[in-house]
Amino acid sequence: MTLRPLLALSLAATCVSASAQPISLSYQQSERGGVCYFSVDGPGPAGGSETMTLEFSYRVEDGNLGLDLKAASFPKAAGGDPDKNLKITFETDSGAMPGPRSGGYAVTSRYQRIWGGWGAGAPSQAALEALRTFKTVTVLADGARYGPFSMQVRTLPYNVLNNCAKRVRGEPTS
């Protein structure tokens, strides 16, 4: 046997064994009351919890996409003005993510958080489509950076929300 066929066999065996490795993903998905959720954990806010959660929600009834950036201890959110409309933007590894039309601070019994909403229809659809394009995202709001958050696999948040919406509407999923 010559070196070339032996090398080809070795590379083929390596490719087969490498592709057979399981992929480990770490995200949460759920559906409650016609709203689909996709969330991932990332590094916590300065001076607060060790981790925080970035959650996208999609209300199937009207196609409204929402965002929650939450932690048990989130000092900037806890001290933030709940009446201030926050401008929220995103930095991604590829593609653009349009920011929500409105956003703000909120405190609940479980979380201190920043929320955002794109509004029903076209603005939310454009943002939902953008969830297909990137693998990592950093959230920028009120002069601070949060993340980066790993979406695990490009298109995963879009697929999770889209398939959930199809199930809620009684359509077949892909």
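I began with strand 8 (residues 136-141) and strand 9 (residues 144-150), which run antiparallel and are joined by five bridges. Strands here are DSSP runs of E, at least two residues, and helices are runs of H or I, at least four, both numbered from the N terminus; two strands pair if DSSP finds at least two bridges between them. This is a predicted model, so I kept in mind that local features need pLDDT of at least 70, side-chain atom pairs count only at pLDDT 80 or more, and totals for chains, interfaces and linings use all residues. Residues are numbered from 1 along each chain as its sequence is written, and side-chain values use heavy atoms, with hydrogens and water left out.

The hairpin of these strands has two residues between them, and D142 takes a positive phi near 50° there. Opposite V137 I found F149 of strand 9.

Next I looked up what F149 touches (heavy atoms within 4.5 Å). Leaving out residues up to four places away in sequence, its contacts include V40, M52, L54, L69 and V137.

Which residues touch the most other members of the largest nonpolar core? I got L54 and F149, out of 39 residues. Helix 4 (residues 156-169) supplies the largest share of this core, six residues. Such a core is a set of buried Ala, Val, Leu, Ile, Met, Phe, Trp, Tyr and Cys residues joined through side-chain atoms within 4.5 Å, and buried means under 20% relative accessible area (1.4 Å probe, protein chains only).

How values were computed:
Buried means under 20% relative accessible area, exposed over 50%, partly exposed in between (1.4 Å probe, protein chains only).
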